[in-house]
Amino acid sequence: MNLYASLLRTGVPAAVGWLVALGLRHGLSLDPSAVAGVLTPIAIFVYYGVSRFAEEHVSPRFGWLLGYARPPKYEDPKRTLPMT
């Protein structure tokens, strides 16, 4: 379940960022390499940041903007390195 949640919460912002960058490209008349190299990562970062901020500070329901309502939970198995 954690793998599914983490992949979904990574893929959704990537898809939204790509779509936003494509939409902005038409209004800014940029070449495709500028969109792929600069605008897409910026759009992904902003979308993810705003979604996480809303999820943490407004309501956990905003987690759906990332594709899954809860962040993945990782177990802390308290592993230690063997002493030699």
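Residues are numbered from 1 along each chain as its sequence is written. Because the model is predicted, local features need pLDDT of at least 70 and side-chain atom pairs count only at pLDDT 80 or more, while totals for chains, interfaces and linings use all residues, and side-chain values use heavy atoms, with hydrogens and water left out.

Q: Why is Pro13 called buried?
A: Buried means under 20% relative accessible area, exposed means over 50%, and partly exposed is in between (1.4 Å probe, protein chains only). Pro13 has a relative accessible area of 2%, so Pro13 is buried.

Q: What makes Pro13 a residue in contact with Tyr47?
A: Contact means heavy atoms within 4.5 Å. Leaving aside residues up to four places away in sequence, Pro13 touches Leu8, Ile44, Tyr47, Tyr48 and Leu66. Pro13 itself is found in helix α1 (residues 2-28); helices (H or I, at least four residues) and strands (E, at least two) are DSSP runs, numbered from the N terminus.

Q: How far apart are Pro13 and Ser51 in sequence and in space?
A: They are 38 residues apart in sequence and 9.0 Å apart in space, C-alpha to C-alpha.

Q: Why does Ser51 count as buried?
A: Ser51 has 1% relative accessibility, so Ser51 counts as buried. Ser51 lies in helix α2 and touches Phe62, Leu65 and Leu66, not counting residues up to four places away in sequence.

Q: What makes the pair of Tyr47 and Ser51 a polar contact?
A: A polar contact is a pair of N or O atoms within 3.5 Å; within protein, one must be able to donate a hydrogen and the other to accept it, and residues adjacent in sequence count only if both atoms are side-chain atoms. The backbone oxygen of Tyr47 lies 2.9 Å from a polar atom of the Ser51 side chain.

Q: Why is the pairing of Arg9 and Glu55 called a salt bridge?
A: A salt bridge is a side-chain nitrogen of Lys or Arg within 4 Å of a carboxyl oxygen of Asp or Glu. The side chains of Arg9 and Glu55 meet at 2.7 Å, N to O, so the pair is a salt bridge. Arg9 lies in helix α1 and Glu55 in helix α2, so the pair ties together parts that are 46 residues apart in sequence.

Q: How do you know which residues belong to the salt-bridge network?
A: Glu55 also meets Arg52 in a salt bridge (2.5 Å, N to O), and Glu56 forms one with Arg52, the closest N and O atoms being 3.3 Å apart. Salt bridges that share partners join Arg9, Arg52, Glu55 and Glu56 into one network.

Q: Are Glu55 and Glu56 buried or exposed?
A: Glu55 has a relative accessible area of 6% and is therefore buried. Glu56 has 52%, so Glu56 is exposed.

Q: What makes Val38, Ile42, Phe45, Val46 and Val50 a patch?
A: Patches are made of residues with over 30% relative accessible area and no salt bridge; like charges are joined within 9 Å, and nonpolar side chains (Val, Leu, Ile, Met, Phe, Trp, Tyr) within 5 Å. Val46, for one, is partly exposed at 46%. Together the five residues have about 510 Å² of accessible area, by the Shrake-Rupley method with a 1.4 Å probe, where for residues only the protein chains shown count as cover.
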